[in-house]
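Please read the briefing below alongside the sequence and the coordinates.

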Amino acid sequence: MKTLLLSIAAIFTLVTAKAQFTENFDAATISSLTANCWVLNGVSTTTQVDEMINVKSIYTAPPTNPGSKIDLYTPVLDLTSTSTTIKFDYRITQSLSANATRSIQVGLVNLFGILVISHTITMDASTNTDVKQFQHTFNSITAGNYRVVLRITGAQGSGNVRLVLDNFEVSNSTPYNIGTGNCTLVPIAENPLPIKLINFDASYTKPNVTLKWSTAQEYNFSHFILEQSTDGNNFNQVAMIFGAGESDTKKDYSYIDMNLTGRKGLIYYRLKSVDIDSKVSYSSIRIIRLDDEKQNIILTTYPNPVINELKITIPAGWQGKKTTYELVNVNGQLSKKVETGSSSQTETINVSQLAPGLYIVKVTCEGQTAQQKIVKQ
């Protein structure tokens with residue numbers, strides 16, 4: 001029974017060990033580390049007694065000019081949980097002067113080069129040269145592949161101050177590409193977009209308008225505001241929809257606007273994206289024509305006059321079908337033709353190369369044709 005319990009304990013220890021990435025650098029060289037997909041530019045090893053933390057440690061000399069940086073990356077790690085604890089030992093080899101600072105930004109970078117989450121250590125004149133331990137748990141992470149990055153910066157003081165690092169651990173992670181020879185690195189995007197909008201579509205099925213959109217990534221993102229207008233210029237909020245959270249996978253959203261009873265004519269929609277710093281961006285405008293059985297106009301063009309891009313809104317019954325768009329000049333000559341196998345509610349046609357003048361826009365779907373006059377400036 002005792003032997004069985006020891007065996008179970010050994011298996012548990014092995015499973016636990018596999019779920020944590022570690023490196024103590026004792027038997028490592030810079031070349032062996034880089035061969036295993038570490039990125040260690042400007043880094044050396046040290047065995048000096050007054051510098052090393054263990055038998056052997058790595059070190060670098062932090063910059064003294066604001067704006068300069070040294071980025072150190074682990075191999076790609078497969079995070080198997082929504083949280084991970086990063087731990088390592090560090091020390092500076094000299095005390096800093098009165099106005100000098102040194103910083104380590106510890107973070108996770110995904111394979112798109114997006115810094116997903118980070119925590120910063122700051123050292124100043126009050127920081128002594130004793131060995132210190134960084135330990136921080138990052139939560140609410142999407143499980144997947146990441147590199148841990150240490151972005152080292154500094155300001156003022158002596159360039160002879162060394163930053164020594166050792167005993168690296170990342171919980172809930174296993175090496176993804178060590179030994180594969182695939183050490184492809186995507187550097188940190190300096191100004192990553194908080195959101196990447198794939199599409200934004202609107203469709204009208206009486207009596208409601210359905211808005212659908214998708215994102216490819218969301219970082220440091222807060223929420224969407226769906227806006228509506230009757231003239232294409234002055235917009236009002238219809239709804240607020242919160243983002244799905246930190247993500248680099250496709251996320252789908254939808255909203256049904258049911259407050260349209262008794263409305264006629266055109267309605268314009270756009271999507272306002274707001275990040276956690278309150279910065280905003282806007283989608284393209286989508287136009288819906290609320291059907292009126294007494295109206296004959298079934299085609300809408302915008303803007304008119306047009307300079308570069310003409311937006312053409314077609315009836316709901318034509319959407320998703322093969323549709324032909326033609327622009328004919330005043331002499332009856334075909335100036336541009338575009339065909340699509342599955343038309344959107346609003347198609348965008350580039351007319352920047354057309355000569356200025358009057359044109360007829362003709363749209364044909366399943367034997368039906370609608371047309372509208374436009375002016376190209």
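A residue is called buried under 20% relative accessible area, exposed over 50%, and partly exposed in between, with a 1.4 Å probe and protein chains only. The model is predicted, and for that reason local features need pLDDT of at least 70 and side-chain atom pairs count only at pLDDT 80 or more, while totals for chains, interfaces and linings use all residues. Residues are numbered from 1 along each chain as its sequence is written, and side-chain values use heavy atoms, with hydrogens and water left out.

**Salt bridges**

- The structure holds 7 salt bridges, a salt bridge being a side-chain nitrogen of Lys or Arg within 4 Å of a carboxyl oxygen of Asp or Glu.
- One of them joins the side chains of E51 and R162 at 2.9 Å, N to O, and this pair links distant parts of the chain, with E51 in the loop between β2 (44-46) and β3 (57-60) and R162 in the loop between β10 (144-155) and β11, 111 residues apart.
- E51 counts as buried at 8% relative accessibility, whereas R162 is partly exposed at 24%.
- Strands such as those just named are DSSP runs of E with at least two residues, numbered from the N terminus.
- K321 and E366 form another salt bridge, with their closest N and O atoms 3.3 Å apart; K321 lies in the loop between β22 (309-313) and β23, and E366 in the loop between β26 (357-365) and β27 (368-376), 45 residues apart.
- In that pair K321 is partly exposed, with a relative accessible area of 29%, and E366 is exposed, with 62%.
- The side chains of K337 and E339 also meet in a salt bridge, at 3.8 Å from N to O, and K337 is partly exposed with a relative accessible area of 46%.

**Aromatic pairs**

- Rings of Phe, Tyr and Trp (its six-membered ring) pair if their centres lie within 6.5 Å, and planes under 30 degrees apart count as stacked, over 60 as edge-to-face and the rest as tilted; by this rule the count comes to 12 aromatic pairs.
- The rings of F88 and F168 are stacked because their planes stand at 10 degrees, with the centres 5.6 Å apart.
- This pair links F88 in strand β6 (residues 84-92) to F168 in strand β11 (residues 163-171), 80 residues apart, and both F88 and F168 are buried.
- Y268 and Y302 form a tilted pair, 5.6 Å centre to centre with 55 degrees between the planes; Y268 lies in strand β18 (residues 265-275) and Y302 in strand β21, so the pair ties together parts that are 34 residues apart in sequence.
- Y268 counts as buried at 8% relative accessibility, and Y302 as partly exposed at 21%.
- Ring pairs also link F21, F25, W38, F88, Y90, F134 and F168 into a cluster.

**Strands and contacts**

- Strand β15 (residues 221-229) and strand β16 (residues 236-242) run antiparallel and are joined by 6 bridges, where strands pair if DSSP finds at least two bridges between them.
- H223 stands opposite F242 in β16, and the hairpin formed by β15 and β16 has 6 residues between the strands, with G232 in the turn showing a positive phi of about 80 degrees.
- T301, in strand β21 (residues 300-302), is buried with a relative accessible area of 12%.
- Leaving aside its neighbours within four places in sequence, T301 is in contact (heavy atoms within 4.5 Å) with L310, K311, I312, V361, Q372, K373 and I374.

Methods: Helices (H or I, at least four residues) and strands (E, at least two) are DSSP runs, numbered from the N terminus.
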